[in-house]
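Please read this report beside the sequence and the 3D view, and look up each residue as you come to its name.

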Amino acid sequence: MKKIHLIFALLLTITFVMAQEKGSVLIKSGTVLTVTNGTLEDTDVLIRDGKISKIGKGLSAPSGAKTIDATGMFVMPGIIDAHSHLALDAVNEATNPVTAEVWVGDALDPLDVGIYQALAGGVTSAHAMHGSANAIGGQCETVKFRYGEIDPEKMRMAGAPRTIKFALGENPTRVHGSGNGIQPRTRMGVEHVIRSSFQKAKEYMKAWDTYNAKKNDKRFKGKAPAYDLRLETLADILRGNIIIHCHSYRADEIYMLMQVCKDFGIERLVFQHVNEGFKVAPELAKFGAGASVFADWWAYKFEVYYSTAYNAAILTKNGVTTSINSDSGELIRHLYHEAAKSQKYGGLSDDEALSLITINPAKQLGIADRVGSLEEGKEGDVAIFKNHPLSIYAIPMLTVVDGVVRFDRENDPADMRLYPDPEEKIDVTFWEAEDHDRCMANTEFLFTDK
Amino acid sequence: MRKRDSLFRSVILIMLTGLMPLIGWSQDSDLKPVTSKYVIKNATIVQAPGKTIQYGTILIENGIIKAVGSNITIPADAWIVDADSMFVYAGFISGLSNIGVKKPEESEERDDRKLTGNPSNERAGITPGNSAREMLNLSDKSVGDFRKLGFTASHSVPHNGMLPGTGAVILLGGDSNQDMVVKDQISMYSQLSGANGVYPNTVIGVMAKYRDLYRKASQAKDYQSKYNSNPNGMERPEPNLALEALYPVVSKQMTVAFKAESVKDVMRVIALQRDLGFNMMLGEVKQGWDAIPAIKATGAPVFLSLDLPEWKEEEKAEKKDDESDEKESDPTEAELEEQALKERQNTMIKNYYTQAGKFSSNGVKFGFSTMEVKSKDFRANLLKVIENGLSPDKALAALTTEPANILGLSSMMGTIETGKMANLIVSDTAYFTKDASIRYVFVDGVKYEYEGKKKKKKKNGDGEGVDAAGVWNYTTETPQGNGSGVITIKGTPGDYSGTISVSFNDSTNEIENVEVDGNNVSFSFKLNMGEEITVDISMDIDGDAFEGTLSVAAFGSFPMEGSREPNN
């Protein structure tokens with residue numbers, strides 16, 4: 001019983017500490033992997049009020065700040081996952097091929113214990129994405145893993161650019177084509193859905209421009225174009241206010257979307273999964289599109305058979321901004337291993353490999369000026385490892401978000417749920433695990449009772 | 001032509017003759033009361049929270065409180081309620097409920113899959129033009145059930161969808177469905193629930209659709225008002241029922257009553273309100289304790305749910321510990337884990353019961369809603385909430401003056417004062433004590449009398465139990481989906497047998513091991529789902545309805561409910 005009470009006392013302290021969003025902490029004498037500025041031995045990192053205020057030697061902690069002794073440990077920027085469906089109560093609004101107006105930021109679940117599990121893998125930020133059921137899916141949300149906060153507002157990385165999910169290939173054609181018998185049924189159909197959506201948005205913008213030009217004229221009696229949140233969102237893509245993150249596998253369709261974007265003057269484009277990205281790496285580099293890939297996950301459906309573990313390395317060597325993502329509540333816990341795999345296969349340098357899970361995903365999300373490397377002035381998101389993070393022996397020890405310790409291996413209570421289910425039957429036997437792949441969540445109803 | 005006329009006439013005739021006996025019967029049972037004057041004499045009158053008259057008398061006439069005090073002349077023709085040692089309170093007001101509102105029938109029509117992205121508004125759950133008033137049903141079971149608990153009025157809203165329609169304040173009594181209405185168009189009821197299988201299907205769809213509709217309505221309303229002032233040269237505004245119904249919301253003449261049970265829903269609704277700026281009240285809040293600062297910042301009044309998770313007594317757990325301390329050496333790791341999980345769960349459960357107290361001490365305006373609390377749990381839950389930090393006065397306020405104030409009814413109801421509507425509760429002792437039971441409820445001056453629970457219910461001994469025989473239609477919710485079927489029970493108590501049909505595999509199975517304990521009937525049956533599994537059913541029967549569970553070892557137990565087919 002004593003043991004339990006102790007755990008509870010610990011839990012309470014943690015919850016209490018977590019109640020602040022920004023903290024100060026001094027990380028002493030670690031091997032600092034800055035990612036953008038080389039490796040600094042025996043160096044301190046000082047985070048003040050959530051921001052990295054100083055990186056150097058012999059720093060002292062301001063009063064009240066916690067000191068972490070990182071002697072013999074590796075200090076790296078918090079890992080960023082450019083493709084996740086963690087902490088979301090809804091992933092797909094799968095009822096229409098185009099749902100640009102929906103936004104997963106409306107369905108954030110700060111109570112998801114998966115956030116804590118991701119923190120335990122050194123991850124501090126993630127791109128919470130809409131699923132891939134629709135050609136044009138919903139808007140995504142860049143979040144910080146401030147686990148312990150109840151308000152979803154506090155999970156958002158305020159100021160991060162807006163992003164939206166697109167999807168090519170089998171998923172949208174299966175859901176809408178085979179599932180509902182509507183467009184898109186083929187890859188050609190997907191292209192058409194996207195093109196015609198952009199075209200409608202263009203016309204919508206034009207109609208509003210015309211109206212706005214005339215409306216101040218006193219004699220003008222015309223009607224404004226009917227407000228439409230879907231078209232508003234698509235128009236914001238055309239205006240360059242939203243970054244497209246597109247689920248894609250095959251080289252031909254990747255190339256296709258680049259052509260479509262060129263035609264509509266869209267420049268901000270990141271491809272997700274991109275298993276055949278290596279075939280169009282120079283084209284991606286030339287366009288300036290990013291690629292967020294798996295290290296070695298494939299063959300889970302037909303369009304994903306032509307894949308290689310050299311993908312990340314080939315893309316990197318061709319000058320494509322490349323990241324490695326999880327798309328899974330399990331993979332997110334060891335993205336450092338995934339980066340290491342790409343390094344092992346493709347012969348990347350340490351900095352290149354670490355970039356795959358730090359500064360590069362930050363660039364793809366438009367937040368590289370704030371996170372993704374250890375630099376003075378950036379946000380205090382840090383992961384501390386025992387052994388080099390690219391080593392198979394790497395162990396995440398501490399994870400800091402905005403200067404607040406959100407995971408500490410030495411102080412890691414068994415039950416980190418925030419809102420246990422009051423009605424759940426308590427059973428210490430583990431019966432079944434939830435499926436980790438949520439890309440197609442909320443679409444199940446389309447495939448049953450048929 | 002003539003032939004058809006006569007056919008028509010005879011159909012009407014048949015219908016009329018068919019109806020005759022019914023009409024006669026209903027008139028019989030609805031005899032006008034002999035008087036509309038009542039006097040409640042010699043009672044402790046709690047006029048308002050914290051304001052009590054001892055040995056007081058209330059005079060009611062034609063539905064109005066004519067006099068309250070200790071020195072009142074009793075008219076000769078008044079019906080006298082001798083209320084010595086009894087307590088009188090203002091009738092309770094449910095801040096948000098579906099009391100008295102018919103559930104729409106579920107359509108059996110299959111959707112056109114090609115239209116899942118663009119369904120009709122009706123199908124999408126967008127019916128802001130509907131009103132609870134049009135769906136009232138005085139004989140709905142909920143009216144009597146909640147009146148019996150002391151509720152005399154309710155802010156009732158329609159069921160289903162993201163925008164089910166407008167709410168009305170109704171009385172839990174009256175001569176006809178329309179007679180129940182006190183105040184119509186009191187709120188625009190909203191929920192974050194998606195439409196099954198069509199757009200908007202998920203919470204993200206609903207939130208987006210809500211924004212889209214709201215802004216469309218706002219735009220259309222502006223244009224309409226310009227058009228109204230001078231239509232000359234202007235294109236005619238496009239008529240749109242759903243958008244037009246939202247105009248009063250957009251102009252903030254009508255408040256949105258948003259259902260938000262979980263803390264996440266509360267935060268989502270607040271975010272939506274921040275985006276759009278409508279006036280709002282939150283209803284059926286179950287998990288709001290961590291959201292108090294956020295709720296407070298909006299200034300929105302709240303109706304807290306009394307549908308609470310089952311309270312688990314802690315003593316039991318402690319006793320177990322003592323035993324194990326004595327008997328064995330150290331508990332195993334699994335036991336420790338289980339113990340820790342239970343303690344956490346209990347702490348969590350406690351949050352639900354202390355919530356009202358916290359809202360009260362933080363100065364948030366709140367009442368109670370009764371959407372999901374089962375009428376049989378209402379009182380026990382309320383008393384437990386009081387035990388956990390809400391003062392009885394505040395509880396009374398949350399059931400009377402607060403909802404009256406929030407809903408703009410203070411001049412009509414909420415307290416016992418001269419001139420107010422005669423909505424009253426007479427309890428045999430102080431209501432907020434354990435043994436109290438309600439003896440009379442007055443709704444708009446009409447008296448409803450209840451037996452106290454003085455005479456203890458006969459404890460069901462051996463062999464004696466509820467009559468379970470009959471044909472029961474049931475539904476159940478399992479992770480495999482919703483199931484339904486028919487339970488047929490034959491025989492007499494102690495000797496029941498029968499069958500159960502199961503929709504999961506279209507089977508009908510013999511039931512076994514039927515046991516009756518008081519109003520509980522349990523049995524098991526074998527179901528072949530590839531392999532044979534044993535399913536246990538437990539039914540708590542209340543008249544012709546039951547609630548119960550369907551359990552399969554290893555998979556857990558799932559709620560089921562149903563009703564008995566009328567005997568013809």
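## Where the two chains meet

Between chain A and chain B there are 25 residue pairs in polar contact, with both residues at pLDDT 80 or more; a polar contact is a pair of N or O atoms within 3.5 Å, where within protein one must be able to donate a hydrogen and the other to accept it, and residues adjacent in sequence count only if both atoms are side-chain atoms. On the side of chain A that touches chain B, the elements giving two or more residues are α1 (2-18), α3 (170-180) and α5 (229-238) of chain A, and α1(A) gives the most, with five residues. Helices (H or I, at least four residues) and strands (E, at least two) are DSSP runs, numbered from the N terminus.

This is a predicted model, in which local features need pLDDT of at least 70, side-chain atom pairs count only at pLDDT 80 or more, and totals for chains, interfaces and linings use all residues. Residues are numbered from 1 along each chain as its sequence is written, chains are lettered from A and ligands numbered from 1 in the order in which they are written, and side-chain values use heavy atoms, with hydrogens and water left out.

The contact, meaning heavy atoms within 4.5 Å, takes 62 residues from chain A and 58 residues from chain B. About 5,000 Å² is buried between chain A and chain B, and carbon and sulfur atoms give 57% of that area; buried area is the accessible area (1.4 Å probe) that two parts lose on being put together, summed over both.

Glu101(A) lies in the loop between β6 (79-84) and α2 (114-119) of chain A. Glu101(A) counts as buried because its relative accessibility is 5%, where buried means under 20% relative accessible area, exposed over 50%, and partly exposed in between (1.4 Å probe, protein chains only). The side chain of Glu101(A) makes a polar contact of 2.4 Å with the side chain of Tyr199(B), and the residues that Glu101(A) touches, not counting those up to four places away in sequence, include Arg230(A) and Ala208(B).

## Salt bridges

Over all chains, 53 salt bridges are found, each being a side-chain nitrogen of Lys or Arg within 4 Å of a carboxyl oxygen of Asp or Glu. Six salt bridges are counted between chain A and chain B, and Glu153(A) forms a salt bridge with Arg274(B), with the closest N and O atoms 3.6 Å apart.

Within chain B, Asp275(B) and Arg211(B) form a salt bridge whose closest N and O atoms are 2.6 Å apart. Asp275(B) lies in helix α6 (residues 263-276) of chain B and Arg211(B) in helix α4 (residues 203-229) of chain B, so the pair ties together parts that are 64 residues apart in sequence. Asp275(B) is partly exposed, with a relative accessible area of 41%, whereas Arg211(B), at 7% relative accessibility, counts as buried.

## Aromatic rings

The structure holds 33 aromatic pairs over all chains; rings of Phe, Tyr and Trp (its six-membered ring) pair if their centres lie within 6.5 Å, and planes under 30 degrees apart count as stacked, over 60 as edge-to-face and the rest as tilted. Tyr38(B) and Phe442(B) form an edge-to-face pair, 5.3 Å centre to centre and with 70° between the planes. Both Tyr38(B) and Phe442(B) are buried.
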